[in-house]
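Reader: Please take me through one part of this model in close detail. Keep it brisk, and give me the cut-offs as you go.

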Amino acid sequence: MFKDLKIGVKLAIGFGLSVFFLGIVLFTGLNSLSSVNDEVIEIVEERFPKTVLANEMIDAVNDNARAIRNMILTDDPAMKQETYRRMDWARDVVNKNINTLTETAQTDRERGLIEALNKVRGEYFEERQKMLAEFEAGNTDAVLAILFGGFRQAQNGYLGALANIIEYQTNSVNEGAADAAAAYSSASTLMLILGILALVFVIVFAWFITNSIVKPVNMVKERMTQLDAVCITNLGGGLIGMSRGDLSIKVEKGTKHLNISSKDEIGQMAQVFDAMLTKAQGGIDAYETVREKVRLLSEELTQLITD
């Protein structure tokens with residue numbers, strides 16, 4: 001079937017398949033790059049910002065601790081007012097960041113860490129409120145006892161919960177980076193394999209198409225050269241010899257038919273050549289017939305003359 005296609009159609013099929021495989025490689029590459037891009041976007045827009053939020057909350061808690069310490073060490077009303085303002089600011093920062101973490105939590109582990117944070121935060125606020133109440137009442141000893149006792153323990157638990165969130169999100173970022181690297185490596189390997197396969201296929205198919213065109217063309221060329229150099233030349237020499245009375249020159253049919261059955265342009269050209277060869281061989285047969293008859297007549301005349 002393929003051999004019956006026109007040369008232009010064969011070339012178009014080869015070009016189309018080359019473009020097709022190139023499209024597969026391109027599509028695969030873009031799809032793989034999209035996967036890598038998704039991983040990077042998740043790291044940049046989802047996982048890493050959560051570590052920033054947790055660090056902001058740690059900074060707020062530490063700022064509160066320093067402010068409360070300074071307030072306890074001094075009787076300055078301005079310091080007291082500033083400390084309460086900073087506690088309100090820290091509360092707003094932590095509330096906002098916890099809400100963001102809660103809304104964007106994607107795993108049970110992440111939600112569990114946030115739940116644990118809210119629990120120890122409640123304990124922290126309870127101890128802090130006790131300490132502030134004693135401070136307002138002027139009970140310095142009680143304030144110091146709470147500060148270095150329950151409050152410190154609650155604060156350490158609070159900071160520990162935040163540290164757990166940071167550790168989880170940091171590991172999540174590292175996992176995302178590893179996934180992105182794996183996706184890139186997989187994409188590179190896949191593109192390399194597909195590229196090699198496409199290149200091999202294109203080379204083999206190009207060789208097949210070229211061979212299907214060049215081989216029969218060379219056959220036609222060789223037979224035409226043979227027809228000219230053997231049949232036609234010998235027939236011409238025989239006719240010249242016959243015109244001069246030389247009947248000894250025998251012309252043989254030394255060229256074979258191509259018998260190419262394809263229906264493309266080369267097959268059509270081969271059929272035309274075979275038709276020309278048939279006519280040329282018919283001329284050789286006619287020459288041999290005439291030569292034999294003339295030879296016999298010449299022998300008979302010679303015999304009559306001799307007798």
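Author: Start with E127. At 18% relative accessibility, E127 counts as buried, where buried means under 20% relative accessible area, exposed over 50% and partly exposed in between, with a 1.4 Å probe and protein chains only. This is a predicted model, in which local features need pLDDT of at least 70 and side-chain atom pairs count only at pLDDT 80 or more, while totals for chains, interfaces and linings use all residues. Residues are numbered from 1 along each chain as its sequence is written, and side-chain values use heavy atoms, with hydrogens and water left out.

E127 sits in helix α3, residues 108–137. Helices here are DSSP runs of H or I with at least four residues, numbered from the N terminus. Beyond its neighbours within four places in sequence, E127 is in contact with I146, G150, F151 and A154. Contact means heavy atoms within 4.5 Å.

F151 also belongs to an aromatic cluster, together with Y124, F125 and Y158. The structure holds four aromatic pairs. Rings of Phe, Tyr and Trp (its six-membered ring) pair if their centres lie within 6.5 Å; planes under 30 degrees apart count as stacked, over 60 as edge-to-face and the rest as tilted. Take Y124 and F125. Their ring centres are 5.8 Å apart and their planes lie at 55°, so the pair is tilted. Y124 is buried, at 1% relative accessible area. F125 is partly exposed, at 25%.

Y124 also pairs with Y158. Here the centres are 4.9 Å apart and the planes again at 55°, so this pair is tilted. It links distant parts of the chain: Y124 is in helix α3 and Y158 in helix α4 (residues 140–243), 34 residues apart. Y158 counts as buried, at 2% relative accessibility.

The structure holds one cavity of 30 Å³ or more. On a 1 Å grid over the protein atoms alone, a cavity is a set of points where a 1.4 Å probe fits but cannot get out, and lining residues have an atom within 4 Å of a point. The largest cavity has about 70 Å³ of space, a volume being the space filled by probe spheres set on the points, which are joined across faces, edges and corners. Its lining includes Y124, F125 and Y158, along with M87, A90 and V94. The elements giving two or more residues to that lining are α1 (7–73), α2 and α3. In α2, the buried residues include M87, A90 and V94.

How values were computed
1 Å grid on protein atoms, 1.4 Å probe; cavity = no way out; pocket = protein on both sides within 12 Å on 5 of 7 lines; lining within 4 Å.
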